[in-house]
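Good morning, and thank you for coming. Please look at the sequence and the structure on the screen while I take you through them.

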Amino acid sequence: MPELLHTLHTTFGYPQFRPLQRDIIETSLAGRDVFALLPTGGGKSLCFQIPALHRPGLTIVVSPLIALMKDQVDQLQAAGVAATFLNSTLSSAEARSRLAGLHRNEWRLLYVAPERLMLDNWQENLRAWNVAALAIDEAHCVSEWGHDFRPEYRQLSRLRELLPDVPVMALTATATERVRADIIKHLKLRDPAVFVASFNRPNLTYKVLPKDKPSDQVLAWVKKREDESGIVYCASRAATERVAEALAAKGYSARAYHAGLDAAERARNQELFLRDEVRIMCATIAFGMGINKPNVRWVIHYDLPKNIEGYYQETGRAGRDGLPGDCLLLFSAGDAAKQTHFIDEMTNEQEAQVARNQLRQIMHYADSAGCRRAELLAYFGEQFPLDNCGACDNCNEPRDTYDGTIQAQKFLSCVYRINAASRFGVGINHVCEVLTGADTDKIRRWEHDRLSTYGIGKDLPRPAWAGVARELLRLGLLAQSEGEYPTLQLSAEGLAFLKERRTLTLTKPMDTPKVRKVVRRQGEIECDEILFNRLRELRKKLADERKVPAYVIFGDATLRQMAREYPQSDEAMADIFGMGAKKRAEFGELFAREISTYLRDNSRQTFND
């Protein structure tokens, strides 16, 4: 369908579809239910926006957050698309006006929250509005196994009975196989076409550092990125305020965002961040799902996330425009201990067990010496095809290794002796205490001070032995049970290692970072940085006049291409990425004039492909 490509280019200014977009669009236009899993920044929105422009009638988009609705509608209207939203921020007069427009078939897309859609008096509206398609965004909210379950999403299955012939599209950026099956079941999708894109975000770089004076670590990070937008995710409200104050004291524009602030202050801080008035948001995980800000260049996890799925989703806020993004996780065993304490206080044992498993997985990720990208993709059931991703700390700066044969023999022998003597298993901490010859009540009561392995590891401190244990678990020589008190036992591989007296290379724990080698990052667009900053100033002026975020005018990728190719006429703007027909008519000449003015006093630069 060449007209799809025409719409993509003239309305949205993109030269080609991203992976799976075209297949999803064509399947939806054929009237079939669709389940689409595309990573953050993978272009989910176009999958229902383009079909809405190619079919008669109204496409209803279910979206969980008010900010997200307004944001997408602003961007669609800037591109010349008849889109609107209905939510609690509108005055009654404005809401009535938009409802009247819906009855007159003035809109192609309507964004609405799930709870409003299920109100009893809406059933007549839905039947009267010539609804042609339903798109359910952030569909993982329907599953209690997902990281962001919302009970109101469960009611959406009633739309199947109300609009039986209307095709449904469910979209999400993150879901394990179990969550995918749950979405399809609870939304009553009928024999849906399932599209699962790669979870790989090639433009993101992943890094983990041992947490040590974290406020100083954040300041050092920000100092190298003074003109970039970023998010610092913290586990508590107090931490968000503390970090924001520390950054503000050093002259950086930073604000806090958490559920303890009143709604007006939260909305104001978010708006300032979207408008680039504030560069840094220090936030709890309550912040982010409604953020469609494409030019977030970095994300820091100040505290250990609760699970890999949430971590993936939060790091995914960076680099949505395809330009490079950096992700830093500050890791300490103390954070894990805090989370374990909270989990132990849970009253629902099944929920506690799920939380323990998730905590173990994120700790394994943080502690691992393997490729970060491969670890993340493996969690979602995807295999990364390369040995080295070239964009994580473990691939770019591999940790030192050492001959750990003696340490492994001591640790595994100790586990073996404890289990043989006691007929029950113990956890990592107890094995470390036996090895270091600790004098504890448990060791005396269970007579583990009589074992031949008692005190044979006094040459290393307990944290070092815990690091050896995590390495042995990672290598599969040890196995760990599930439950509130996970215990250790030797795997078949571990037994074979002891019997056959093999040698073993272990990886040293994370240490202070080395001098980083310069790596060209995927998604990078070299350009005239001085001109890029001038174009950013023009974009901000135009956005402020229209009271919209800067990226509603143009994204950074568009400005970078302009600052690389120097288009000086409206015609030369035609092939710039993100330059749709309406935006070119409205802004093309202004930006071309700015470039011409710049070139009067500055020479062109040339760039490699």
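Predicted model: local features only at pLDDT ≥ 70, side-chain atom pairs only at ≥ 80, totals over all residues.

How many bridges join E3 to strand E4? Four bridges join them, and the two strands, of which E4 covers residues 109-112, run parallel. Strands here are DSSP runs of type E with at least two residues, helices are runs of type H or I with at least four residues, and both are numbered from the N terminus. Two strands count as paired if DSSP finds at least two bridges between them.

Residues are numbered from 1 along each chain as its sequence is written, and side-chain values use heavy atoms, with hydrogens and water left out.

Let me begin with the sheet. E3 and E4 belong to an open sheet of seven strands, in the order E3-E4-E2-E5-E6-E1-E7, with parallel pairing. Strand E3 (83-86) and strand E7 (193-196) stand at the edges with a single partner strand each, so one side of each has no neighbour in the sheet. On average, neighbouring strands of this sheet are turned by 20 degrees against each other, direction ignored.

Helix H4 (residues 66-78) touches E3 and E4, and its direction makes about 160 degrees with that of E3. Helix H10 (residues 177-186) touches strand E1 (34-37), strand E6 (168-172) and E7, and its direction makes about 150 degrees with that of E1. For these angles, axes are lines fitted to C-alpha atoms, for helices over the stretch in contact, and the angles run from 0 to 180 degrees between N-to-C directions. Contact means heavy atoms within 4.5 Å.

I turn now to the interior. In soluble globular proteins, nonpolar side chains tend to be buried together. A nonpolar core is a set of buried Ala, Val, Leu, Ile, Met, Phe, Trp, Tyr and Cys residues joined through side-chain atoms within 4.5 Å. Buried means under 20% relative accessible area and exposed over 50%, with partly exposed in between, using a 1.4 Å probe and protein chains only.

Which residues touch the most other members of the largest nonpolar core? Of its 103 residues, they are Ile 60, Leu 109, Tyr 111, Leu 117, Leu 156, Leu 187 and Tyr 365. Helix H16 (residues 349-367) gives the most to this core, with six residues. Apart from this core lies another, of 28 residues, including Ala 550, Leu 559, Phe 591 and Leu 599. Leaving aside residues up to four places away in sequence, Tyr 365 touches Tyr 206, Val 208, Ile 308, Tyr 311, Leu 329, Arg 372, Glu 375 and Leu 376.

Next come the charged pairs. A salt bridge is a side-chain nitrogen of Lys or Arg within 4 Å of a carboxyl oxygen of Asp or Glu, and the count comes to 38 salt bridges. In one of them, Asp 33 pairs with Arg 160, with the closest N and O atoms 2.5 Å apart. Asp 33 lies in the loop between helix H2 (21-29) and E1, and Arg 160 in helix H9 (residues 158-162), so the pair ties together parts that are 127 residues apart in sequence. Are Asp 33 and Arg 160 buried or exposed? Both are buried.

Lys 211 forms a salt bridge with Asp 335, where the closest N and O atoms are 2.9 Å apart. Lys 211 lies in the loop between strand E8 (204-210) and helix H11 (214-223), and Asp 335 in helix H15 (residues 333-344), so this pair ties together parts that are 124 residues apart in sequence. Both Lys 211 and Asp 335 are buried.

Finally, the chain as a whole. The chain has 27 helices and 17 strands. Its radius of gyration is 27 Å, close to the 25 Å that the globule rule gives for 609 residues, so the chain is as compact as a globular protein of that length. This radius is taken over C-alpha atoms, and the globule rule is 2.2 Å times the number of residues to the power 0.38. Buried residues make up 53% of the 609 residues in the chain. Thank you for your attention.
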